[in-house]
Structures are given as structure tokens and as C-alpha cells.
Amino acid sequence: MRKRVFTVLSMLVLVSLVLGACGPAATPTPAPAQPTTAPQATTAPQPTTPPPTQPPAEKTLVIAIGADATYLDPESVMNNESGFVMSCIFDGLTKYKKGTSEPGPGLAERWDISPDGKVYTFYLRKGVTFHDGTPFNADAVLKELDRVKNPDNPYYVYKQEGVHSFADFTWGIVDSYEKLDDYTVKITLKEPHAPFLASIAMVWSGIMSPAAVEKWGFDVNDHPVGTGPFKFVEWVRNDHITLEANKDYWGGAPKVDKLIFRVVPESSVRLLKLEQGEVHILADVNPDDYQRIQSNPALKLLEQPGLTINGIALIADAKPWDDVRVRQAVNYAVNKEEMNKFLYKDAAVTAATGMPPILMGYPKDLEPYPYDPEKAKQLLAEAGYPNGFKYKLLCYENPRGYNPVGIKMAVAVQEYLKEVGIELELETLEWGTFLATRRRADNKDLGMVGWSGDNGDPDNFLWEMFSTDNIPVGNTSHYSNPTLDELLRKARTVSDPAERAKLYEEACRIIHDDAPWLFINHTKHVRAIRANVEGFALNPLQMFWYMEDVELK
Amino acid sequence: MSRYIIRRILQMIPVLIGVSIFVFVGMHIVPGDVATLLLGDKATPESLARLQHELGLDQPMYVQYWRFITKAVRGDFGISLRTRQPAWREVMWALPMTIELSICAIIVAIIVGIPVGVLAALRQYSLFDSLSMVAVLIGVSMPIFWTGLILLMLFGGTLHWLPIGGILDDGIILRQITGIHLLDALILGDLKAFNSALRHLILPSIALGSIPMATIARMTRSAMLEILRQDYVRTARSKGLSERLVLIRHALRNALIPVVTVIGLQLGLLLSGAVLTETVFALPGLGRLAITSLLARDYAVVQAVVIVSALMIVVINLAVDLLYAYLDPRIHYT
């Protein structure tokens with residue numbers, strides 16, 4: 001009898017086992033494509049690195065991320081988690097100077113720009129090798145560019161199904177590229193483009209080892225080889241990615257031996273892991289947890305002004321929003337300071353115009369619209385709406401990088417506007433539908449809107465969201481001002497930083513006065529770390545992590 | 001018997017076709033354009049159009065379905081838009097984790113549920129009976145998400161007895177053979193990895209097992225009560241058999257018949273519970289894959305996940321029916 005019960009149970013187990021076991025076997029892929037430990041699949045039982053059983057003082061730093069990376073070829077991906085990991089593996093020609101959004105030397109030690117602003121000559125760093133031993137030189141740079149620019153290249157990134165990369169944005173402006181000598185590369189642009197150096201400092205322009213591309217083909221997505229401070233070791237999908245220190249890093253050897261990115265989807269569990277010391281750094285922090293972190297002496301909450309903007313796009317070509325007084329009125333009617341304090345737990349600064357104050361060219365004396373409901377009512381009356389009006393606002397529900405509280409923001413705005421007679425009807429849409437609806441040229445509903453800076457250049461905010469050229473996709477408020485267009489177009493082509501700053505200063509004032517948005521705030525960039533993590537500094541480009549400086553005490 | 005099995009297997013085909021149509025249509029009528037979702041708020045109209053064309057989204061739905069189904073019968077579920085891996089491979093990476101978790105959960109449920117049910121039945125109306133049935137009621141009504149978080153906070157956080165989520169401790173590398181960690185560790189003879197995997201599985205198995213555990217306990221209790229009143233039990237007792245023999249050989253075996261059905265049904269249900277458990281405990285299984293892919297509108301993977309899950313449930317049902325016949329000699333299939 002007992003035997004029978006046992007048989008019953010083991011049969012149940014067996015059925016499931018057979019199902020599971022047939023899985024990997026049915027995958028018609030060769031061994032190297034297996035998910036775990038692919039690079040050392042053959043040597044896995046005897047790892048070449050010292051076995052983890054006798055770690056003399058091996059220092060492993062663990063970072064918790066909310067979702068897995070998707071793929072790790074910088075030229076063919078654009079999601080945050082992939083960006084975090086890749087910023088530790090890859091270097092670009094330029095690299096943001098620590099703590100700033102200003103491009104400085106990276107794999108290129110210096111560069112010349114031709115007087116017409118179209119030709120960039122890069123002088124490459126010597127003696128750098130990729131993690132697989134391939135020397136870094138002009139050929140490597142050209143091969144990487146070829147992968148992005150030349151449709152005849154067998155590894156042309158757009159040959160992959162559904163590729164959606166940032167390469168359009170970073171390298172799109174490049175017209176031709178040639179090698180002058182082994183360590184000098186000449187890149188010619190289609191037209192002068194001042195944000196170019198900042199754009200190619202982005203994670204998405206990291207240089208991959210050409211040998212790795214040849215070896216893996218498109219599977220290089222899973223086998224990234226760069227020149228950065230950490231080498232790729234293994235990737236167990238949806239669980240973790242392990243990197244190890246590149247002791248020969250040209251920027252100085254990292255101070256920890258291993259870096260593990262661990263996927264922990266649930267935010268309360270992420271925090272618990274941090275509190276227990278199982279992880280050392282949290283990539284995303286829930287605003288409701290700020291206080292809990294700050295009151296724990298073992299943890300630190302780091303914050304920095306963010307490269308973000310968050311607000312509501314007013315439809316500048318539809319009644320009643322075509323009247324500038326109405327647009328200004330809503331800017332007076334909303335108490336943004338109060339929202340920052342209670343909704344954003346002080347991790348935000350009030351916005352005055354279309355870009356964050358940390359960027360070049362932001363007018364120092366520009367003040368946000370103060371909270372003044374009386375003034376708002378007066379402006380509405382002047383515009384012919386003494387009793388207000390009703391209007392619809394399209395909303396997304398979930399938190400986003402530039403707005404961690406999601407729809408709560410819209411609800412707060414609704415309350416403030418009720419006070420001055422404007423009744424907003426909120427319509428919540430699923431994110432994909434929300435984007436598609438808001439971007440239709442015939443859309444006349446207001447919409448929640450926001451942006452996280454990509455390259456730290458003002459152009460990346462103002463041109464994208466306020467130029468006539470970008471109606472209706474980036475510029476969802478359909479705001480068009482020829483004077484502003486002229487300024488922005490000019491600022492794109494001028495290379496002299498001082499002159500550019502002046503142009504942007506003027507542009508910021510115009511946007512402030514015209515108020516095509518209800519400007520709400522610039523949310524700060526927040527991360528939580530264990531107190532024994534030293535040298536971890538935030539920088540405006542949230543995607544960029546300088547993990548070579550980080551130490552574990 | 002074998003004819004019955006063949007007939008049952010043939011019956012799976014229309015079921016799977018139905019499921020495939022259902023999931024395909026479902027994915028395509030929900031709002032939200034996949035290209036917009038993929039490209040996010042920074043897409044240009046040109047890249048949107050290009051992607052829509054590439055994905056065949058500009059084709060009529062029946063063309064898209066035909067393309068999908070003709071590829072699917074060849075085992076090609078397409079490429080995941082999110083990770084650019086074959087959808088089938090993604091599913092096969094995630095499936096062993098879910099199977100491992102489900103088996104552990106059902107084992108926890110059985111080894112707790114059946115004895116509790118038997119004891120409760122033997123001592124009907126005792127304090128143990130009422131207490132365990134209250135506990136069962138709580139077990140059924142507590143959401144897994146909540147149970148999981150409480151377990152984590154208590155045993156992982158406050159008491160430090162067990163790790164907080166994940167599969168293995170940092171630094172332990174386990175080569176994948178079956179993908180089921182406990183099994184792989186045993187095959188490789190890696191006791192350290194086995195121990196680590198086991199420690200990581202305890203809390204999620206209890207969380208996921210709590211609901212079938214409660215159902216199994218209740219079912220066992222009522223089946224036992226029913227059977228203890230039967231004539232043959234009385235006969236067995238009057239023959240002077242020891243109480244232990246009566247209970248185990250005569251009563252329990254017969255009581256197990258409905259319990260096996262319940263266990264089978266619960267195995268199918270575990271898949272839905274696995275979604276929450278895997279999210280709370282950061283386990284890379286099928287449930288979490290389904291949710292992540294659904295939110296990213298990753299058609300290929302969602303379709304593959306649903307079809308594989310449907311297949312699993314159909315197979316489990318078949319297995320339960322066969323076990324039924326095995327346990328109860330009165331049942332014959334033709």
C-alpha cells in the first residue's frame with residue numbers, strides 16, 4: 001500500500017519532469033547558446049577563476065534591478081537595465097566627465113573639429129585592448145560604425161527583426177568615416193551638429209570588439225565584449241548578470257572583484273534585500289520608501305538634480321489653449337511646491353520652462369510661475385472664461401522615470417484646477433495606447449508628458465519637444481513659434497559653447513512665457529546604497545555608472 | 001487502455017488550436033500598438049512605420065494568424081521582440097523553474113495537507129479539528145502575494161533564517177542540465193548548490209503550497225469521514241485488524257481517490273499562483289515570463305507561454321485520469 005502511494009506521487013513528479021526535461025533537449029541550438037555559463041560551458045566544473053569556495057577576500061558588489069536587461073549589444077538596444085550593465089562593460093569614443101553631462105575624453109584622447117563643424121578627427125587612446133585581447137584601434141572603430149551605417153555589412157544591426165536602437169540618434173548624423181592612421185579616425189557629419197560629442201558619449205555608442213562580432217554574429221547580444229572596467233562573465237536570464245573586474249582597465253583597475261546585477265521585480269523585496277545586506281545598491285527606489293531608508297543608519301539615500309522634465313502638454317492650437325493667457329493661468333493655478341513636498345517627497349524641483357536647470361544655457365534668473373490662484377482667475381477672465389470650462393486630460397497610469405508617482409500627479413492637478421473653475425476629465429489609457437493617441441496629429445486632448453534626457457544636451461529637450469518640426473510626435477502640445485524654431489535651429493549648428501548657451505537662454509525664456517506646457521517639476525535622480533559602499537557617485541546621465549570607482553568597505 | 005490514451009491525445013489537438021486562436025485574437029484586440037510600445041516615447045514616425053511593416057502588423061489579422069500557426073506547428077513561435085531570442089527558447093528557459101517550484105509546492109501541500117486532514121477526521125469536533133480547519137480557511141483566503149511577503153519579512157528579514165528571493169546564493173554557479181536546480185545539483189553531485197537551491201525554494205514553496213495545502217487537507221478530512229462510516233471499515237475493524245492497518249490499508253487508500261483529483265486540479269491552478277510567487281521571490285519562471293511579456297506586448301512569447309501551459313494542463317489532466325484508474329480498480333477506461 002505504502003508503495004502504491006509512493007508510486008502515485010512519483011508518477012506525478014515524473015510527468016512534470018519529463019515535460020521539463022524535454023524542454024532544453026528540444027531546443028535546436030548548439031551548446032554555446034545555452035543560457036548559463038555559456039562562455040565557460042566546457043570548463044564549468046573547473047572554473048579558471050579561483051573557485052568561490054576559497055575567496056581570500058574577494059569583493060562582490062550586488063546591484064538590484066527591477067527587470068532584466070534585454071540584450072547587451074550597445075548598438076541595438078535601448079532600455080535602462082541594459083544600459084546600466086553596458087555602461088560597466090563598454091567605453092565610447094567620448095565619456096561624460098564624472099558628475100556632469102559634459103562630454104570628455106574616452107577611447108578618444110582628444111579631437112579636432114573642422115571650422116565648418118562637420119569634420120571630427122578623433123585621436124585614439126593607445127595600448128587599450130578589448131576583454132578578449134583584441135587590440136583597440138582605428139579599425140575597431142570603423143568596423144563598429146560599419147555595423148550601424150552600412151546595410152551591406154553582414155552584421156548590419158537593422159538586419160535583426162524588430163531592432164529598435166538608439167543608433168539612429170547617436171550615429172545617424174554621420175555621413176562618412178575613414179581611417180587616417182592606426183590611431184586616428186576621421187568622421188564627417190551630414191551637417192554641423194553641436195550635440196554630436198555628447199551623443200556618442202552615451203551608453204548606446206559603446207565600442208564592441210570586432211572579433212566578438214565576427215565570432216558570435218548577432219548572438220553578440222548575449223556575449224558583449226568591450227574595453228570597459230568590467231568583463232562579462234555570465235548571464236542567467238531573468239535572474240542575474242555577473243561581471244568581473246578588468247584589472248587592465250585603462251582608467252584604473254576597479255576596486256571590487258565582481259559585480260552582480262540581480263533581477264528583483266518586486267520593489268518591497270528589493271528594499272528588504274538592501275536592508276539585509278544581500279544587495280548593495282538599488283537602481284529604483286519607491287518614493288514611499290525614502291523615509292524608511294533615510295532613518296536606517298546602515299543605508300544611504302543619494303539624490304541629485306535629475307535630467308528630467310514632467311508636466312502636462314497643453315494643446316496650443318486648440319481652443320481655449322490657443323490663448324496664451326489660459327496656458328499661463330493653469331501654470332499659476334497649480335501649487336507645484338506643495339506637490340513636490342507631499343507627492344514627490346521633496347525629490348523634485350519646480351519647473352519653469354522646457355528643460356532642467358542643470359543644463360547649459362539655463363537662465364539663472366528664471367523663476368517658475370508662483371502659485372497664485374487669484375492671478376489665474378484674473379487671466380482666465382481676461383481670456384473670456386470667467387467661469388472656467390471643461391476639458392479632457394489623457395493619462396498614463398504607472399510610474400515612469402520622470403514621474404515616479406504616475407497618475408497621482410494628474411489627480412492632484414485636477415484638484416487645483418477645480419479651484420479656478422477648470423474641470424478636467426481624466427482618461428487613463430494603457431501606456432502603448434496612451435502614446436499612440438497623444439501623438440496623433442488630430443488629438444485635441446491634453447496629455448501627461450515627460451522626458452528623461454538622453455545625452456545631456458539642451459537640444460535633446462527643447463528641439464525634441466518644442467520645435468515645429470517635431471509636431472505631433474515629440475511636440476505633443478502642437479506648439480509652434482517661428483522665432484523659437486530659428487533659435488533652436490541655429491543652436492544645433494554652432495560649436496562655440498558660449499554662443500550656444502546664449503541662444504538656449506533666450507529659448508528658455510520664450511518657452512517660459514509662452515507656456516505650451518503646464519510645467520510641473522524636474523524629478524530628482526535617487527538611488528539607495530548600503531552605507532559601506534564608497535565612491536558611488538550619481539551623475540546626471542542616470543544610465544551611466546562609474547563602477548570602477550566604487551569600493552566595498 | 002492504450003486506445004483511450006490515444007483518443008485523449010488526439011482530443012488535445014482541437015483544444016490547442018482553440019487556445020491558439022484565443023490567445024492570438026486576445027493579444028491583437030487589446031488596445032496598445034506593439035510598435036509604439038516597443039519604441040517608447042522617443043520613437044520617430046519613420047521608425048514606427050518601419051517596425052510595423054517588419055512585424056507584419058500592417059497585414060490583416062487572418063494573414064498574421066496563418067503565418068503564426070504554420071510556423072508554430074514546426075515549433076517556431078517566432079522571435080521575442082523584447083530580447084530577440086526565439087520565443088520557444090525563452091519558454092524553455094523559464095519552464096523548469098516553474099515545474100521545480102510547482103512540484104516543491106505540491107509536495108509541501110501533500111505532506112502537510114494529508115496528515116492534517118486525516119488527523120482532523122479521526123478527531124472530529126476536537127480542538128485540533130477546529131483549529132486546523134480555521135487555519136485551512138485562512139490558507140485558502142490569503143493572497144499568495146501577501147503570504148509570500150509576510151514569509152519573506154519574517155524568515156528572511158527579521159529571523160535571517162532563509163535568503164530573500166532568488167535561486168542560488170551569489171557566487172554559486174550551477175551548470176544547467178535539466179534546468180531544475182535541485183536535480184542538476186544532485187546529478188553534478190554539488191551539495192553546496194543543492195543546499196543553496198533548497199534554502200531558496202523553501203519559502204516560495206510554502207507560499208505557493210499554502211492554497212493547495214488547505215484544499216487537500218479539507219478534501220482528505222471529508223473523504224476520510226465519509227469512508228470511516230463505510231461498512232467495509234466496520235468489517236475490517238470487527239475482523240480484529242489493528243487500527244493502523246484499518247486506517248492505512250482500508251480507509252486512506254480509498255480516501256485518496258478524490259484527493260488525487262484535487263491534487264491534479266491544483267497542479268493546473270499552481271501555474272496562476274506561480275505568477276505572483278515568482279514575482280515576489282524573484283524566480284525566473286514561466287509565470288513571471290508571461291507577465292513581463294504581456295506588459296511588453298511581446299506577442300511571440302505570450303503565445304508560446306500560453307500554448308505550453310495549455311499543453312501542460314491537458315497532460316496533467318490525462319495523468320490524473322490514469323492515476324484514478326490505478327488507485328480505484330473499479331474504474332475502467334475503454
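**View 1. Chain B is built from 13 helices and zero strands.** The model shown here is predicted. Read along the sequence, chain B gives the pattern α-α-α-α-α-α-α-α-α-α-α-α-α. The C-alpha trace of chain B spans about 85 × 55 × 40 Å along its principal axes. Chain B has 334 residues, and 53% of them count as buried. Take the contacts in chain B between residues at least 6 apart in sequence: 72% of these join residues at least 24 apart.

View 2. Chain A has 553 residues, and buried residues make up 60% of them. Among contacts in chain A between residues at least 6 apart in sequence, 70% link residues at least 24 apart. The remaining views stay with chain A.

**View 3. Six strands of chain A form an open sheet.** The strand order is S14-S18-S13-S17-S15-S16, with mixed pairing. Strand S14 (348-350) and strand S16 (423-429) of chain A are the edge strands. Each of these two pairs on one side only. On average, neighbouring strands in this sheet are turned by 25° against each other, direction ignored. Strands of a sheet pair through backbone hydrogen bonds, either parallel or antiparallel.

**View 4. Strand S18 of chain A sits between S14 and S13 in the sheet order.** Strand S13 (residues 308-313) of chain A and strand S18 (residues 517-523) of chain A pair in the antiparallel sense. Four bridges hold this pairing. In one of them, A:Gly311 has A:Phe519 of S18(A) as its bridge partner.

**View 5. Helices H14 and H16 of chain A pack at an angle of about 45°.** Helix H14 covers residues 459-466 of chain A, and helix H16 covers residues 497-514 of chain A. Their axes lie 11 Å apart. An angle under 35 degrees would count as roughly parallel, and 65 to 115 as roughly perpendicular. H14(A) and H16(A) are therefore oblique to each other. H14(A) passes H16(A) in a left-handed crossing.

**View 6. Residues from both helices make the contact of H14(A) with H16(A).** H14(A) contributes A:Asp459, A:Leu462 and A:Phe466. H16(A) contributes A:Arg500, A:Tyr504, A:Ala507, A:Cys508 and A:Ile511. By class, this contact has six nonpolar residues, two charged residues and no polar ones.

Methods
Residues numbered from 1 in each chain as written. Chains lettered and ligands numbered in written order. Predicted model: local features only at pLDDT ≥ 70, side-chain atom pairs only at ≥ 80, totals over all residues. Heavy atoms only, no water. Axes fitted to C-alpha atoms, helices over the stretch in contact; angles between N-to-C directions. Parallel < 35°, antiparallel > 145°, perpendicular 65-115°, else oblique. Left-handed = near helix turned anticlockwise from the far one by under 90°. Contact = heavy atoms within 4.5 Å. Nonpolar A, V, L, I, M, F, W, Y, C, P; charged D, E, K, R; others polar. Pairing = 2+ DSSP bridges. Buried < 20%, exposed > 50% of the residue type's maximum accessible area, 1.4 Å probe, protein only.
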